[in-house]
Amino acid sequence: MDSVPPTVVGYGITSDPIRNALYDAVFAATQLTVKESWQTINVEKSGCIVQDCNGYIQQTMTLRASGERVTERITINEEMGEINYIKCDASGKPGVVECVFAIHTLRVHWKAPYQMAQDTFPTLCR
């Protein structure tokens, strides 16, 4: 059965596996896109301002789709393979929603019964 693709990311999205590339190369490319956002998202290159701050990177950019000016605080955790984005309000204060871009290096074919895995998640939230 074909499913309809979502219109928003919601609680997450996963890419297909990246093959024939070293983890360090993928992570380095991802870090570069933090400083050059126009390489991966539809923003005005001339309107991107990136500042190295104490413990984070602050990025301000203009979204082409809406013209909205957006400021984000970005932290990079190489050990965890994560880049965290927090959108700031007009005064520059970080919001409460954090978007996480994660690169994981290992996936295994888990032979556990599907229903067991499905039952695990609700029990974690109790």
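**Overall fold and salt bridges of the chain**

From the N terminus, the elements of the chain follow the order α-β-β-β-β-β-α. The radius of gyration is 18 Å, well over the 14 Å that the globule rule gives for 126 residues, so the chain is more spread out than a compact globule. The model is predicted. In total, 2 helices and 5 strands are assigned. Along the principal axes, the C-alpha atoms fill a box of roughly 50 × 35 × 35 Å.

Of the 126 residues, 20% count as buried. Among contacts between residues at least 6 apart in sequence, 18% join residues at least 24 apart.

The chain carries 11 positive and 14 negative charges. Their mean positions lie 2 Å apart. Side chains of opposite charge can pair when their charged atoms come close. Across the whole structure, 2 salt bridges are found.

Aspartate 52 belongs to strand E1 (residues 49-52) and lysine 35 to helix H1 (residues 23-35), so the pair ties together parts that are 17 residues apart in sequence. Aspartate 52 is exposed, at 58% relative accessible area. Lysine 35 is partly exposed, at 36%.

Another salt bridge links lysine 87 with glutamate 68, at 3.0 Å from N to O. Lysine 87 sits in strand E4 (residues 82-88), and glutamate 68 in the loop between strand E2 (57-62) and strand E3 (69-77), so this pair ties together parts that are 19 residues apart in sequence. Lysine 87 is partly exposed, with 44% relative accessibility. Glutamate 68 is also partly exposed, with 33%.

Definitions and conventions
Residues numbered from 1 in each chain as written. Predicted model: local features only at pLDDT ≥ 70, side-chain atom pairs only at ≥ 80, totals over all residues. Heavy atoms only, no water. Helix = DSSP H or I, 4+ residues; strand = E, 2+ residues; numbered from the N terminus. Rg over C-alpha atoms; globule rule 2.2 N^0.38 Å. Buried < 20%, exposed > 50% of the residue type's maximum accessible area, 1.4 Å probe, protein only. Contact = heavy atoms within 4.5 Å. Lys, Arg positive; Asp, Glu negative; His and termini not counted. Charge placed at Lys NZ, Arg CZ, Asp CG, Glu CD. Salt bridge = Lys/Arg side-chain N within 4 Å of Asp/Glu carboxyl O.
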